[in-house]
Amino acid sequence: MRVHVLVVAAGKGLRAGGDLPKQYQDLAGQSVLRRTLTRFHQHPEVDAVTAVIADGAAELFTQCAAGLDKVTAAVPGGAERQVSVRLGLEAIARHAPDIVLIHDGARPLVSNATIAKVIAAAARDRAALAALPVADTLKRETEAQTTLETVPRAGLWRAQTPQGFDFATILDLHQRFAERDDMTDDASLCEAAGIPVTLVEDRADNIKITRPDDFVMAERLLETNMETRVGSGFDVHAFEEGSSVTLCGVDIPHTAKLKGHSDADVGMHALTDAIYGALADGDIGHHFPPSDNQWRGASSDVFLKHAMDRLAQRGGRLILADVTLMCEAPKVGPHRDAMRQQLAEIMGVSVDRVAVKATTTEKLGFTGRGEGIAAQATATISLPAAS
Ligand code: MG
């Protein structure tokens, strides 16, 4: 089953204030739209994500989607939401999806659980939407605005997104109802055609960012939704004949070199595995198989950057990288700050988030006998607790 997500982000979004449309404004260090795209990109059941964007927003969008390889080229939208969705559906038809999820670009806090439930319900029932039961008592202003009416709330739900559909069904409805301009969401088209829609109970934190206050609320929700994880890594490389070693990206003259498939940077390998570990996302050997000749002699910053990309794709950030090198020689101390600088630059973090330490093993074991160098590392990361 092929699941495609259509993110609707063509609005001008001026109610939120600011110079940019709200979906491109910063929310705790990333744009709203990047956060929304990332939520779907990292979901294991989602195959591809396409956004519908406004005229002239191509450059802003490219920044939002950088490094997210499930995100396809954006589709230019129309003046109304309904037109934008139809254009988006027509554009993704060539990917032949079975299920499409249609989602507001301004809902960056959608959970993994809601995404999974909407996919399952759409696959089973043809049409589904995330929604919240109305808890407040509802009042309607009368025309004269002097009295109020209470609207019975029994059976009332607030429609949110994602809304999920059998792809052929919703594409057909959008083409059939292209002239109607009274549809404020996509489930409405099913209702108009008499197709039942399944309600999927959503979480209250899947808010739509509309007004300036919503940014404050979303930032608070993001803070409380982050979890801290620690991963560990360990690596060993043996010495062979040579005249320098590469440790944490720094070349140090020595009476031997380290043997390995890549540049054998034992410290950087341990750190890279620590980041993969914190993500529970395999190890260097899994992502860069030694059997693959393209990594022969590779500079290890390729591995470290890859692990950091995987972290960014999951919406996470590095809190601290801590590496310990174990050897009798060469001396690490004089190169420590250069190593920290080097690692910080590769990872795109400030140098106070990178520690490099060294120890001998009191002449014991293989490191003590000068047969090689061992390294261990921990990576502490902050990651959205999306599930
Ligand atoms: Mg290694």
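These are my notebook entries on what I looked up in this structure, which is a predicted model.

**Entry 1: the whole chain**

I started with the overall numbers. The protein has 387 residues, and 49% of them count as buried. I find twelve helices and 18 strands in its secondary structure. Along the principal axes, the C-alpha atoms fill a box of roughly 90 × 45 × 35 Å. I also looked at contacts between residues at least 6 apart in sequence: 71% of these join residues at least 24 apart.

**Entry 2: the magnesium ion**

Which protein atoms are donors to the magnesium ion? I get Asp235 through OD, His237 through NE2 and His269 through ND1, at 2.2 to 2.3 Å from the ion. Along the chain, the donors follow the spacing D-x1-H-x31-H. Asp235 sits in strand β12 (residues 226-241) and His269 in helix α8, so this pair ties together parts that are 34 residues apart in sequence. I checked the accessibility of that pair too, and both Asp235 and His269 are buried.

**Entry 3: α8 against α11**

Since His269 sits in α8, I followed that helix to its packing partner. α8 (residues 266-279) packs on α11 (residues 336-347) at an angle of about 40 degrees, and the axes are 12 Å apart. That angle makes α8 oblique to α11. The crossing of α8 past α11 is right-handed. On the α8 side I note Met268, Leu271 and Ile275, and on the α11 side Leu343, Ile346 and Met347. Sorted by class, the residues of this contact come out as six nonpolar, no polar and no charged.

**Entry 4: α10 against α11**

I then looked at what α10 does with α11. α10 (residues 301-313) packs with α11 at about 50 degrees, with 9 Å between the axes. Here too the angle makes α10 oblique to α11. Asp301, Leu304, Lys305 and Met308 of α10 meet Leu343, Ile346 and Met347 of α11. How does this contact divide by class, and how many charged residues does it have? I count five nonpolar, no polar and two charged residues. Leu343, Ile346 and Met347 of α11 are therefore in my list for α8 and in my list for α10, which I read off under one contact cut-off, heavy atoms within 4.5 Å.

Next I went to the loop between β16 (317-326) and α11, where Pro330 is found. The peptide bond that joins Ala329 and Pro330 is cis, with omega about 0 degrees. Pro330 counts as buried because its relative accessibility is 9%, and the cut-off for buried is under 20%. Leaving out residues up to four places away in sequence, Pro330 touches Val245, Leu247, Ile252, His254 and Ile373.

That list sent me to His254, in the loop between β14 (250-253) and β15 (256-258). His254 counts as buried as well, at 18% relative accessibility. With the sequence neighbours left out again, His254 touches Phe239, Gly242, Ser243, Ser244, Val245, Ala329 and Pro330.

Leu173 lies in helix α5 (residues 167-176). Is it buried or exposed? Leu173 is buried, at a relative accessible area of 1%. Beyond its neighbours within four places in sequence, Leu173 is in contact with Leu189, Cys190, Ala193 and Ile195. I took two C-alpha separations from this part of the chain. Leu173 and Lys331 are separated by 70 Å and lie 158 residues apart along the chain.

**Entry 5: helix α1**

I wanted to know how covered α1 (residues 32-41) is. Ten of its ten residues are buried. Arg34, Arg35, Arg39 and His41 are among them.

Another cis peptide bond runs from Thr161 to Pro162, with omega near 15 degrees. Pro162 lies in strand β10 (residues 157-166).

Ala28 has a phi of about 50 degrees and sits in the loop between β2 (26-27) and β3 (30-31). At 41% relative accessibility, Ala28 counts as partly exposed. Lys363 has a phi of about 65 degrees, and its place is the loop between β17 (354-359) and α12 (365-368). Lys363 is exposed, with a relative accessible area of 64%.

Notes
Residues are numbered from 1 along each chain as its sequence is written. This is a predicted model: local features need pLDDT of at least 70, side-chain atom pairs count only at pLDDT 80 or more; totals for chains, interfaces and linings use all residues. Side-chain values use heavy atoms; hydrogens and water are left out. Axes are lines fitted to C-alpha atoms, for helices over the stretch in contact, and angles run from 0 to 180 degrees between N-to-C directions. Helices (H or I, at least four residues) and strands (E, at least two) are DSSP runs, numbered from the N terminus. Angles under 35 degrees count as roughly parallel, over 145 as roughly antiparallel, 65 to 115 as roughly perpendicular and the rest as oblique. A crossing is left-handed if the near helix is turned anticlockwise from the far one by less than a right angle, and right-handed if clockwise. Ala, Val, Leu, Ile, Met, Phe, Trp, Tyr, Cys and Pro count as nonpolar, Asp, Glu, Lys and Arg as charged, and the others, Gly among them, as polar. Donors are N, O and S atoms within 2.8 Å of the metal (3.2 Å for Na, K and Ca); water is not among the atoms, so sites may look incomplete. Buried means under 20% relative accessible area, exposed over 50%, partly exposed in between (1.4 Å probe, protein chains only).
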